[in-house]
Amino acid sequence: MNVIDSKVDLIREVFHYQSRFEGSIMVFKIDYPVTEDPGFPGLVKDLALLSKTGFKVIIVPGVKENIDAVFKQHDINSSYTNSLQNTPIRITTQEAISFVEMAAFDVASRFMTFLSGSRVDALIGNFVRARGLGVINGIDTEYTGTVDKIYAESLSRVLNLGMVPILPCIGWSPSGKPYNVASDEIALAASTALGAIKLFIVSVKNDLGFKTLTLPEGIETRNDGSLIRLTPAQAETIINSNSVPMRELKLALQASKKGVHRVHIIDGREEGAVLKELFSNLGVGTMIYTDEYDSIRAIHSRDLPDILRLMEPLMQKGALIRRNLEQIQEKKEDYSVLEIDGSIRACGALHDWGESQGEIAAIATDPQYSDIGLGRKIVGFLAEKARKNRMRRVFVLTTQTQDWFESMGFREAPVDSLPEQKRKVYDQNRNSKVFALEL
């Protein structure tokens, strides 16, 4: 694929996701260290761009490290206790709460400043009603609170005006008492209260899937070992199988269980990370999803141009025999496609030649997705389809991909093992090798 074709594919993906998610609510929980990174102004500029182009953006800044710095500067003691779930909770005294507010609004103002520079209106507001956590394990947490309610109607009005709400880590009781509330909790509560379609957890790392972790079978990874996407069940298995801290993944799992269809964990230091994650199928982070993301289905007539687009580079190389629209249309019932988020990324066909044998043919995948096993998925699907159709054997004819088929269990077979009808049309000049898989 040349550079121009690659850019065209990228533009298609951008328009696809723009039309799909325009007008949707997205919550961005942004950890404090991201705000200290040199790329932070660029990140906020990207959030401003999303707001300008029709996305409804809510920002929840993390502030823990800034609170620590403010406490140290003013000689304020800070201590913690554990919740019933063994999660550390900062004890916020009457003396400390005003400094927590100082730290929280300082960070929120940083977002306000850069959004203003991009000519996007923002509002730091009291959108969180809180109540005190009270006494935990015999310790009074004083001015530490939990979310009692998100003022969803007020937030919706602000969003409908095209403004970006910023939710600091402060909630207020009905009587006006301020409480220090965890930003993660606020992001989770806001996402669920407003029916956000996405929650972005923007951190300074994405260690998910690297060699230090024990991973279950079938997890899709990039070349560097990082995870591309997980179901909630896979995320839970990873959390339970590893003893290392996984705050981001635990938050993502909580959000998924509460109805947020897609949660994205990304490294906020990477240039354009939010846009790359939002506007491309593969993204750059880890997505936890509860809706249908990829699927294999029978083809429709409208799919034919996409199928030919996938097959054309392989036909030019001679790896596939040349087919045209009419030939594919004629055998339409034999073809299947693999979709990722509504875009066709792989295709294949199963031709029934009688004698309980089927030919797997026309296997093609988008080159950008060659590392995540789409070809194997579609071959596996077609083999299972053959099995359900009571075929005892599937075969392929190949000139250039025998090693790949061997890695999936296919074994070389003689031409005379082909069904009689297939032998009659076998191209002696092409001299394809036969590989078969017993079902």
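Helix 3, residues 40-52, has 13 residues in this predicted model. Its first and last C-alpha atoms lie 19 Å apart, close to the 18 Å expected at 1.5 Å a residue.

**Helix 3**
- Buried residues here are Phe 40, Leu 43, Val 44, Asp 46, Leu 47, Ala 48, Leu 50 and Ser 51.
- Phe 40 also belongs to an aromatic cluster with Phe 111 and Phe 114.
- Gly 54, just after the helix, takes a positive phi of about 105°.

**Helix 11**
- Helix 11 covers residues 304-317, and its 14 residues should span 20 Å at 1.5 Å a residue; the end C-alpha atoms are 20 Å apart, which agrees.
- The helix bends by about 40° at Met 311, and Pro 313 follows within four residues.
- Leu 304, Ile 307, Leu 308, Leu 310, Met 311 and Met 315 are buried.
- These buried residues pack against helix 12 (325-330), strand 19 (335-340), strand 20 (343-352) and strand 21 (357-365).
- Just after helix 11, Gly 318 has a positive phi of about 85°.

**Aromatic contacts**
- The whole structure holds seven aromatic pairs.
- Tyr 143 and Tyr 179 have ring centres 6.4 Å apart and planes at 40°, so the pair is tilted.
- This pair links distant parts of the chain, 36 residues apart: Tyr 143 is in the loop between strand 8 (139-140) and strand 9 (145-150), Tyr 179 in strand 12.
- Both tyrosines, Tyr 143 and Tyr 179, are buried.
- The charged end of Lys 177 sits over the ring of Tyr 143, 4.6 Å from its centre.
- Phe 405 and Phe 410 pair edge-to-face, at 5.4 Å centre to centre and 75° between the planes; both are buried.

Note on methods: Residues are numbered from 1 along each chain as its sequence is written. This is a predicted model: local features need pLDDT of at least 70, side-chain atom pairs count only at pLDDT 80 or more; totals for chains, interfaces and linings use all residues. Side-chain values use heavy atoms; hydrogens and water are left out. Helices (H or I, at least four residues) and strands (E, at least two) are DSSP runs, numbered from the N terminus. The expected span of a helix is 1.5 Å times one less than its number of residues. Buried means under 20% relative accessible area, exposed over 50%, partly exposed in between (1.4 Å probe, protein chains only). The bend at a residue is the angle between axes fitted to the seven residues ending there and the seven starting there. Contact means heavy atoms within 4.5 Å. Rings of Phe, Tyr and Trp (its six-membered ring) pair if their centres lie within 6.5 Å; planes under 30 degrees apart count as stacked, over 60 as edge-to-face and the rest as tilted. A charge sits over a ring if NZ of Lys or CZ of Arg is within 6 Å of the ring centre and within 35 degrees of the ring normal.
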